[in-house]
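I begin with the chain as a whole and then turn to individual elements and charged pairs.

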Amino acid sequence: IAAGQGEQAEAELDQVLQRSPMWLEGHQQLAQLRSLLGKREQAFGSIERAIAAYPQAAGLWQALFELLILAEDYSALDAALLRARAAGVAANSLATYRFIAAAEHGPAEMADALLQTEGAQAIPPVWRIRHYLRTGRASEALPFIDTELGGPRAVDAWPYAATAWQLTG
């Protein structure tokens, strides 16, 4: 890539992933490389190929979900979650991603219902904060913001803190 041979890097990484389809970081790198090369429509090709070969491998699905979140393609995340569930991936391993899809893509009522489930404590606070701010409930976001500001992910919480404080006076 650094030598200006992005196409060759893409081809070689894809070949490696054909031999090692469970190499999750490799799928993520290839998706990012393809996006950088202007091939966004092909970005998820290797992970989709691996999922077709190993449809019950939860790690592959999780890697796909993370890539879709990075791409901010929440409707595709929602569709991928349905496919994962149909493939037999355990519902409890999908809970956080179901919340993210509902919170970012709608409906808000579904996201609220998912916050009441047993697995809700696993939902990363930043996603709760985003949901509360998006739905006009800044005061409900404040406790999560306070917790995040005191932890290692404070840098991620500051923009939300500023917004919530402005909204709540």
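**Notes on the fold and its charged pairs**

1. Among contacts in the chain between residues at least 6 apart in sequence, those that join residues at least 24 apart make up 44%. This should be read with the reminder that the model is a predicted one.

2. As for secondary structure, the chain holds 10 helices and 0 strands, so that the order of elements from the N terminus reads α-α-α-α-α-α-α-α-α-α. Taken along the principal axes, the box filled by the C-alpha atoms is roughly 55 × 40 × 25 Å.

3. Of the 169 residues in the chain, 39% are buried, and the accessible surface comes to about 9400 Å², with 54% of that area belonging to carbon and sulfur atoms. The side chains include 13 positive and 19 negative ones, and the centres of these two sets lie 3 Å apart.

4. Which helix is largely enclosed by the rest of the structure? It is α8, spanning residues 125-134, because 7 of its 10 residues are buried. The buried residues are Pro125, Trp127, Arg128, Ile129, His131, Tyr132 and Leu133, and they pack against α4 (58-70), α5 (74-86), α6 (95-105), α7 (108-115), α9 (138-149) and α10 (154-168). After α8 comes Gly136, which has a positive phi near 75°.

5. The search of the whole structure for salt bridges returns 11. Side chains of opposite charge can pair when their charged atoms come close. Glu104 is buried, with a relative accessible area of 15%, whereas Arg134, at 45% relative accessibility, counts as partly exposed.

6. A further salt bridge joins Arg137 to Asp112, with the closest N and O atoms 2.7 Å apart. This pair too links distant parts of the chain, since Arg137 sits in the loop between α8 and α9 and Asp112 in helix α7, 25 residues apart. Asp112 counts as partly exposed at 23% relative accessibility, a value that falls just outside the buried class, for which the cut-off is under 20%.

7. The side chains of Arg153 and Glu148 also meet in a salt bridge, at 3.1 Å from N to O. Here Glu148 is buried, with 6% relative accessibility, while Arg153 is partly exposed, with a relative accessible area of 42%.

8. Which residues are linked in a network of salt bridges? They are Glu7, Glu10, Asp14, Arg34, Lys39 and Arg49. Of these, Asp14 is found in helix α1, which covers residues 6-19, and is buried, with a relative accessible area of 13%.

Methods:
Residues are numbered from 1 along each chain as its sequence is written. This is a predicted model: local features need pLDDT of at least 70, side-chain atom pairs count only at pLDDT 80 or more; totals for chains, interfaces and linings use all residues. Side-chain values use heavy atoms; hydrogens and water are left out. Helices (H or I, at least four residues) and strands (E, at least two) are DSSP runs, numbered from the N terminus. Buried means under 20% relative accessible area, exposed over 50%, partly exposed in between (1.4 Å probe, protein chains only). Contact means heavy atoms within 4.5 Å. Accessible areas come from the Shrake-Rupley method with a 1.4 Å probe; for residues, only the protein chains shown count as cover. Lys and Arg count as positive and Asp and Glu as negative; His and the chain ends are not counted. The place of a charge is taken as NZ of Lys, CZ of Arg, CG of Asp or CD of Glu. A salt bridge is a side-chain nitrogen of Lys or Arg within 4 Å of a carboxyl oxygen of Asp or Glu.
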